[in-house]
Amino acid sequence: MDEQLFLLFPELNEFKDLDLKAKTMEVWKRAMVEGGWEVADLLAMPFTLLIDQTPINIIDHTRAVTRTALEIARAMKGVYGDRININQDILLAGALLHDVGKLFEFEKSGGKFKKSRSGNLLRHPFSGAVFAARFGLPEEVLHIIACHSKEGDGRRATVEAIIINHADFVNFEPFK
Ligand SMILES: [Fe+2]
């Protein structure tokens, strides 16, 4: 399973903090088990239900958001240097996990993906943060997951959460 995860998310290799890397991988693995999804399901799972028949799956969306976030951080550090502090490992974990709650928000019935009962009660920023907390992810990462979408408007406290919010939306708006 670890090998499959590295194939799905080559960006896992960017981690310097190996404990955070292991915890991030554990969340994805357990979310697949508890959500009842196989790798093939994830490759077919739309990244959003708000766009009808999007060709972008949740894996490619997550990868693109992660790479976008890393590039934003690199650009900002490159110009601002010591005047800004961005924790790349926290950014990476938050990017890779920001939408993991969709494994609970969605269900498949009749061959189609739709909103699950759980998803009607808890949107993915909530379910994702609660799930990741079970595996010991630091609060800085839970903050990114919980605040990456509209739930976080006016509540994003860290630069890493601000970056993920914007990286997510530039990877959503063009596909509407
Ligand atoms: Fe997203």
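The model is predicted, and local features need pLDDT of at least 70, side-chain atom pairs count only at pLDDT 80 or more, while totals for chains, interfaces and linings use all residues. Residues are numbered from 1 along each chain as its sequence is written.

**Exercise 1.** Determine how helices H4 and H5 are oriented to each other, and which residues meet.

Solution. Helix H4 covers residues 58-80 and helix H5 residues 88-97, helices being DSSP runs (H or I, at least four residues) numbered from the N terminus. Their axes lie 8 Å apart and pack at an angle of about 155°, and H4 and H5 are therefore roughly antiparallel to each other. On the H4 side the contact includes Thr62, Val65 and Ala73, and on the H5 side Gln88, Leu91 and Leu96 are among the partners, where contact requires C-beta atoms, placed from the backbone, within 7 Å. The residues of this contact divide into eight nonpolar, three polar and no charged.

**Exercise 2.** Decide whether Ala157 is buried or exposed.

Solution. Ala157 is located in the loop between helix H9 (139-147) and helix H10 (159-170). A residue is buried if 20 or more other C-beta atoms lie within 10 Å of its own, exposed if 12 or fewer, and partly exposed in between. Because Ala157 has 11 C-beta neighbours inside 10 Å, Ala157 counts as exposed.

**Exercise 3.** Decide whether Leu121 is buried or exposed.

Solution. Leu121 belongs to helix H7 (residues 117-121). With 11 other C-beta atoms within 10 Å, Leu121 is therefore exposed.

How values were computed
Axes fitted to C-alpha atoms, helices over the stretch in contact; angles between N-to-C directions. Helix = DSSP H or I, 4+ residues; strand = E, 2+ residues; numbered from the N terminus. Parallel < 35°, antiparallel > 145°, perpendicular 65-115°, else oblique. Contact = placed C-beta atoms within 7 Å. Nonpolar A, V, L, I, M, F, W, Y, C, P; charged D, E, K, R; others polar.
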